[in-house]
Amino acid sequence: MRRDKQESQAQFNRRAILLAGVGGAAFAALGARLYSLQILEQERYRLAAADNQFNFRLQPPTRGRLLDRFGEGIAVNRDSYRLLIVPEQAGDPRAALERLSAYMPLSEARIERLLRQIRRSPRFKPVTIAEDMDWETFSRINLQLPELPGITPDLGEVRTYPHGPLTAHVTGYVQAAPPGAGDTDPLLLHPGFRIGRTGVEASLEDRLRGEAGQMKVEVNSSGRVLREMPQESNPPVAGEDVRLTIDVRSQRVALEALDGQAASAVALDMLTGEILTLVSSPSFDPNPFVLGIGQSAFSALNTNPYRPLFNKATTGIYAPASTIKGAVALAALEQGVTDPEERILCTGSVGLGNRRFHCWRPRGHGTVNLHDAIKGSCDVYFYEIARRLGIENLGEMARRLGLGELHDIGMNLPDSADGLVPSERWKLTVRGERWSTGDTYNAGIGQGFMLASPLQLAVMTARLATGRVVEPTLLPREGAVSFASMGINQANLDAIGQAHRAVVHDPRGTAYWVLDAGRALGDLDAEMAGKTGTAQVYSISAEERAAGVRDQEDLPWRLRNHGLFIAYGPFENPRYAVAVVVEHGGGGSSSAARPARDILRDLVRRDPAGQRLGPLASANATTGASAGNGEG
Amino acid sequence: MSVFNVSAPRDIRSKLYEINWTFVLLVGLIGAIGVAMLYSVESGSWDPYAIRHLIRLTAGLGLMVVVAMFPPRFWMGIAYPAYLGALILLVGVEVMGVTAGGAQRWIDIGPIRMQPSEIMKIAMVLALARYYHDLPEDRVSGLGGLIIPAIMIGAPMALILMQPDLGTSLLLAATGATIVFMAGLSWWVIMGAGIFATGGALIYLNFFIEPYQMARIQTFLNPEEDPMGAGYQILQSQIALGSGGSTGKGFMQGTQASLDFLPEKQTDFIFTILGEEFGFVGGIAVLGFYALLLANCVLIASSCKATFLRLVVMGVATTFALYVFINVGMVMGLLPVVGVPLPLISYGGTVMMTVLFGLGLILGAHVHRSAEPPKGAGLFG
């Protein structure tokens, strides 16, 4: 028994040691595995852990501001209160949105739309419920947040145009990028990111956009952001602030003067080419476009016969009509086909073959020289001059003066117009017809095939006034600007200038009575030059004449003539050129001349010496530091 | 072994004097590591895990000491009734069990929810130890000495397999086999049983295995195949462990765990947190503490005079060792994912109590190592 007991104890001990050995081996295996994982392969797992842990989140840059020439913001960013829903935290998104609808208007259709959006995106990704909320609603919801799980308030930036309609056609607007536009910037995928779609916002997109930053974030296994790590992130690079040559005050003067008509106006500094005014009337408010304009509001704008969305100043093209007469006269003097003294008889019309070409004044102008012909806008005189010049000489001068050419103003968009200066070759290739003398007659008075945008008319005016190759721009020109001379005889330029002055200041000038009988610039001790134009839209037929339709006012609006006016001043020290086109404005003199004069008068009033308007010369376009308007 | 203390202590004072403080200290140390890791899991918060773990650990250590005070006769006396009770509860689970995690493992008795399989782990050890204690040594390898232990092990295994819980039933099998082995089963029978068990396992794998169990095994064999699915846990666990490197990221500096990449980090994957934050050094240290504790158990077992106590100690220690091995092997990708906690460190009330109860039996065996209860001695015998 005792021996058995001892033997059993010994056997137990042997087996216990064996078992302990097995256990020890098992633990050694665990240790070896641990060694392999943590010592031998630690680098690989360390990388995998970093992959797990970090993610980079796109940080949209602040869009560069657009400033007017005085530093006044015309496209800026403001804080926008947004409301997001994080489906993961909301539990049941529908219930969350329905709870939210007690505190803010949220239609059933909108909830459905949001739910569709939520279903399409990962559960942790926030979906925007509302943007640009008013402070009252936003703060009310903030108070209720404990009862609204998954609803997150957020602060973003939204583009805003403080002057709205005043600068709408210059700034254009930003909108969400259209899908598949060929732009591969990953920013475009960022919800809420917007790009310039029209105007300078579009043409200067590259400078304004800036560069996306990357925020390093710590994420959990479902991708939810737990922590931001700004010190290890690339901050976004804000877009560049860009100062434009536009003057908001002049924009206001112009739009008020155009008074809601379908019209446009361009004013530029003839010595620098800087565009001070560029308006298209009626204008529109670009602000609603940023957050997505409603369908009904958009179609109201889009179907408006006055075409508010269309930038008539750069993309509208019109027959320049009589505004071209200065150019034709200059060509004639330069070519020597006439001299300032030669008199031509105007009886009200002139025959060519079996056609009659009428003067706008049925009684005729009697015998007129070049000065009188411009002053009274005698058509017959210019038929004759144009015939002598021929279309090629006439067209050449028109082109030298900037017609038929796309001017790079820093806002060139695919639909910018280059107008048309016809030629024999053009007619043959495009229309398949030979050029006729009648065509030359029509070209002599700016009708027929010739087409120009208001911007081109302003350039032509500037070049006629200065004799230099003025190039327009919306982007400031640093330092002294000196345009090349056109190489035109100064005496000829003076003759044209005097005639243009007489249009406004001579009692027999076509704009004399319209523009306050020679006191066009009112109380200002300055004179201006100008030229009227009436582009024929519709010929009143003999039957209509018989039926009592005599005046433009008797025609429906869309058939009435366009009114045009080009002007510059102060006459003694020319600085500012203006072109105005009023669509279907009836008689050219009244509808376009007054707005053009108003714009010019405002500019001259602020800069009577014909120096340079505003502190732009010293401006560094990128600082944008000077707020307020340094109107001096 | 004290020469002056050949007979077993009778009164509580002398029993307390006999307590193996190395053992208690190791248990407390490992439990405290658990508290620290659970504190870290919640990014430095006592709530909800660490504080409860601490309370349970304290209460459990008390329970352990109390259990150690009971004489071997008491445990021998309740061995069979406890086993039968546990068996009835296992049947009850089949009838009225609450399904948790896809398997019926819990039973509701009024406010108490319990896992009969946990009770069975201890009850089976006691019953087997009692059986072999009573059995004359020469009959251990006889036919009669084989059939009854086989039934005692097989019945609860079968019931637990039906839940179905493959892990626990294999754990019971291993524990039971260890006791049978330590009882002195002849090597010939062991070899025969080994062949028999292999055949049985093959049949089970081919005909009776549940799809999810198969999936777990396949996932284990090839975790990277499906990184976001079933293999995800193992992969994430290995990433966390591996990224800990040699000395770890520091206490509460673990990134993978705090970022929820790890599932069940407070229970089954607690060792991963430890490995990530304290690295290879920390992991080896904890494994070392476990090894020391287990070595202590073997020493206690061999110091015991009573067969019952020796077998109880070896049985409980085996269960404990298997827990550690399976859990640590699983989080390191050595073994398939089975829901086995890391004893004393993982969060969980039932397991903590079962483990400390079992460790109380071992401590009690040390206290009563000189006791020599006669064969057939029961509660009152």
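This section describes the architecture, contacts and selected local features of a predicted two-chain model.

In this predicted model, the secondary structure of chain A amounts to 22 helices and 19 strands. Chain A has 632 residues, of which 46% count as buried. Where contacts in chain A link residues at least 6 apart in sequence, 75% of them join residues at least 24 apart. Chain B comprises 14 helices and 3 strands, and 50% of its 381 residues are classed as buried. Among the contacts in chain B with a separation of 6 or more, 72% involve residues 24 or more positions apart.

The largest nonpolar core contains 126 residues, and the members with the most contacts inside it are A265(A), A267(A), A458(A), V578(A) and V580(A). Helix α16 of chain A, spanning residues 379-400, supplies the largest share of this core, with 11 residues. At least three residues of the core come from each of domain 1 (51-72 + 163-244) and domain 2 (248-614) of chain A. Another core, of 115 residues, lies apart from it; F27(A), V313(B), M314(B) and F325(B) are among its residues. With neighbours within four places in sequence left aside, the contacts of A265(A) include A254(A), L258(A), T277(A), V279(A) and A313(A). Further contacts of A265(A) include P454(A), V578(A), A579(A), V580(A), P595(A), A596(A) and I599(A).

The contact between the chains draws 33 residues from chain A and 39 residues from chain B. On the side of chain A that touches chain B, the elements giving two or more residues are α1 (2-40) and α2 (42-53) of chain A. The greatest contribution to that side is made by α1(A), with 20 residues. Classified by type, the side of chain A that touches chain B holds 15 nonpolar, 11 polar and 7 charged residues. One residue of helix α1 of chain A is R33(A). When residues up to four places away in sequence are not counted, R33(A) touches M332(B) and L334(B). R33(A) has 19 C-beta neighbours inside 10 Å and therefore counts as partly exposed, the threshold for a buried residue being 20 or more.

Strand β17 of chain A (residues 529-535) is largely enclosed by the rest of the structure, because 7 of its 7 residues are buried. From β17(A), the residues A529(A), K531(A), G533(A) and A535(A) point one way, whereas G530(A), T532(A) and T534(A) point the other way; all are buried. Strand β18 of chain A (residues 562-569) pairs with β17(A) in the antiparallel sense over 7 bridges. Within this pairing, Y568(A) of β18(A) stands opposite A529(A). By contrast, helix α17 of chain A (residues 424-431) is hardly covered, the count of buried residues among its 8 residues being 0. Just after α17(A), G432(A) adopts a positive phi of about 75°.

In chain B, helix α5 (residues 116-134) is mostly covered, with 17 of its 19 residues buried. Its length was also examined. At 1.5 Å a residue, the 19 residues of α5(B) should span 27 Å; the end C-alpha atoms are 26 Å apart, which agrees with that expectation. An exposed site in chain B is S186(B), which has 11 other C-beta atoms within 10 Å. S186(B) is placed in the loop between α7 (166-182) and α8 (187-207) of chain B. Although S186(B) and G142(B) are 44 residues apart along the chain, a separation of 9.3 Å is found between their C-alpha atoms.

Several backbone features were also identified. The peptide bond joining S281(A) and P282(A) is cis, with omega about -10°; P282(A) is located in the loop between β12 (275-281) and α11 (287-290) of chain A. A cis peptide bond also joins D47(B) and P48(B), with omega about 0°, and P48(B) lies in helix α3 (residues 46-69) of chain B. D259(A), a residue other than glycine, has a positive phi near 55°. This residue, D259(A), occupies the loop between α10 (248-258) and β11 (263-269) of chain A and counts as partly exposed, with 13 C-beta neighbours inside 10 Å. A321(A), likewise a residue other than glycine, has a positive phi near 55°. A321(A) is found in the loop between α13 (312-315) and α14 (325-335) of chain A and is buried, with 27 other C-beta atoms within 10 Å.

Technical notes:
Residues numbered from 1 in each chain as written. Chains lettered and ligands numbered in written order. Predicted model: local features only at pLDDT ≥ 70, side-chain atom pairs only at ≥ 80, totals over all residues. Helix = DSSP H or I, 4+ residues; strand = E, 2+ residues; numbered from the N terminus. Expected span 1.5 Å × (residues − 1). Buried ≥ 20, exposed ≤ 12 C-beta atoms within 10 Å, placed from the backbone. Core = buried A, V, L, I, M, F, W, Y, C linked by C-beta atoms within 7 Å. Domains from an automatic or database assignment. Contact = placed C-beta atoms within 7 Å. Nonpolar A, V, L, I, M, F, W, Y, C, P; charged D, E, K, R; others polar. Pairing = 2+ DSSP bridges.
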